[in-house]
Amino acid sequence: MLQNLEDLKNEFSTALNEVKDQSSLVNLKADFLGKKGKLNNILKSLKDATPEVRKTLGMKSNQLKETILADIEKKMTALELFEINERLKKNWQDITYRSSLRDQGLTAAGYHPVTIIQREIEDIFTSMGFEILDGPHIENEYYNFEALNIPDTHPARDMQDTFWFKDMKHLLRTHTSCIQARGMEKRTPPFKFIGPGKVFRCEATDASHEAAFHQLEGMMVGKDISVANLIYFMKTLLSEIFRKEVNVRLRPGFFPFVEPGFELDIECLICGGSGCSVCKQSGWVELLPCGMVHPNVLRHGNVNPDEYNGFAFGLGLDRLVMMRYGIDDIRHLHSGNLSFVSQFKTF
Ligand code: FA5
């Protein structure tokens, strides 16, 4: 009988090795440990054995039962894992947004062209050691005007038609220059940063004007910074963005927060300079006003103008995007039209 138990153990090991799925394993368990199973058959014959043999065989058969149960449990866990992996292999799906859209026969939309160019500019400036700052869309008049050397009664407040809140103290920021006013306060020179974002003006729209558009502010403050430094950074920006020679012109421009101030225009890439609705028939597009930071602005930012100076610029991001991609109306950018947006790719 002991030999029978030993044979049963070997038989079970061989059978277990051949089991390839969970249902066969369940059957195997019933075959060996079930009421009418092989182990019980051996135990039935115990009734004719002597008490000593019964005791030894009872103990041995219990041990065998425990071993079989443990082996079955181990095998069950391994089979479950194997079956899950097989199912995963068969039913593999790329659940990323793009491919699930593709599976449904839809074309994935690209990034908005303003986002594409903004990120390119961020890369250009961070590679030159600039930080990227952010600021609130709802501003108070201090950061939008006063800190930028535009006091309450200054006529320059009318240069940018403003959406005021009812309290007449808060407004939708009219330019990203507020980011320079805020950024300066929290830094000690030397520092340099850019600040991209949406700005809002209460003005009528046309091919090159929107009421909500994007600017990208830049500021560098340190010792002995010159107009030559400003021009170097502007040239680097334009050559990186356009990757070809573009004609630019620098002319004097008035902004209360810079002295001297300049307007950097780009020859219109829509009409090649011959005149169109984007450049208002002038052949040039106002793109990049800039200048040397006014001492009063430095003072508002707790920077001593006798020790430090700097430059600032306020790039018109939407217009740059229009020039880069040859878009002949700014309103396309804000149309929310997916087939328009999905045409754009990075270089
Ligand atoms: C300013 O907003 C200044 N804060 C820029 C500046 C910063 C000057 C730092 C000096 C130093 P301006 O109003 O010109 O300047 O606007 C800057 C750029 O934004 C323009 O050159 C133009 O490219 C773009 N822009 C202005 N108004 C609109 C509009 N309504 N729609 C689309 N783009 C506009």
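These are my notebook entries on a predicted model, written as I looked things up.

**Entry 1: aromatic rings**

I began with the rings and found 12 aromatic pairs in the structure. I started with F130 and F233, which form an edge-to-face pair with 5.4 Å centre to centre and 70° between the planes.

Where do F130 and F233 sit in the chain? I found F130 in the loop between α6 (113-126) and β1 (131-132), and F233 in helix α9 (residues 227-242). They are 103 residues apart, so I noted that this pair links distant parts of the chain, going by the DSSP elements. Are F130 and F233 buried or exposed? Both are buried.

Next I followed F233 to another partner, F311. The pair of F233 and F311 is tilted, with 5.6 Å centre to centre and 45° between the planes. This pair also links distant parts of the chain, as F233 is in helix α9 and F311 is in strand β9 (residues 309-316), 78 residues apart. I checked cover again, and both F233 and F311 are buried.

Then I asked which residues make up the aromatic cluster. I wrote down F125, F130, Y232, F233, F311 and F313, which form one cluster.

**Entry 2: charges over rings**

I looked for charged ends above rings and noted two cases. The charged end of K38 sits over the ring of F32, 4.9 Å from the ring centre. The charged end of R119 sits over the ring of Y111, 4.6 Å from the centre of that ring.

How many residues of β9 are buried? I read 7 of its 8, so the strand is mostly covered, where buried means under 20% relative accessible area.

Strand β5 (residues 212-222) runs antiparallel to β9, and 8 bridges join them. In β9, G310 has V221 standing opposite. Strand β8 (residues 284-293) is also antiparallel to β9, joined to it by 3 bridges. Here I found C290 opposite F313 of β9, and F313 is one of the residues in my aromatic cluster.

**Entry 3: the ligand**

I then looked at some atom distances. A backbone N or O atom of E210 is 2.9 Å from a nitrogen atom of the ligand. For E286, a backbone N or O atom lies 3.0 Å from an oxygen atom of the ligand. In E203 the side chain provides the N or O atom, 3.4 Å from a ligand nitrogen. On its own the ligand has 670 Å² of accessible area, and the protein covers 95% of that.

I found a cis peptide bond between P189 and P190, with omega about 0°. P190 is in the loop between α8 (177-185) and β4 (191-200). Another cis bond joins E259 and P260, with omega about -5°, and P260 lies in strand β7 (residues 258-267).

For phi, I noted M168, with a positive value near 60°, in the loop between α7 (141-144) and β3 (170-172). R243 also has a positive phi, near 50°, and is found in the loop between α9 and β6 (248-252). Why does R243 count as exposed? Because its relative accessibility is 53%, and exposed means over 50%.

Definitions and conventions. Residues numbered from 1 in each chain as written. Predicted model: local features only at pLDDT ≥ 70, side-chain atom pairs only at ≥ 80, totals over all residues. Heavy atoms only, no water. Phe/Tyr/Trp six-rings, centres within 6.5 Å; stacked < 30°, edge-to-face > 60°. Helix = DSSP H or I, 4+ residues; strand = E, 2+ residues; numbered from the N terminus. Buried < 20%, exposed > 50% of the residue type's maximum accessible area, 1.4 Å probe, protein only. Lys NZ or Arg CZ within 6 Å of the ring centre and 35° of its normal. Pairing = 2+ DSSP bridges. Polar contact = N/O pair within 3.5 Å; in protein donor to acceptor, adjacent residues only side chain to side chain. Areas by Shrake-Rupley, 256 points an atom, 1.4 Å probe, with all protein chains shown as cover.
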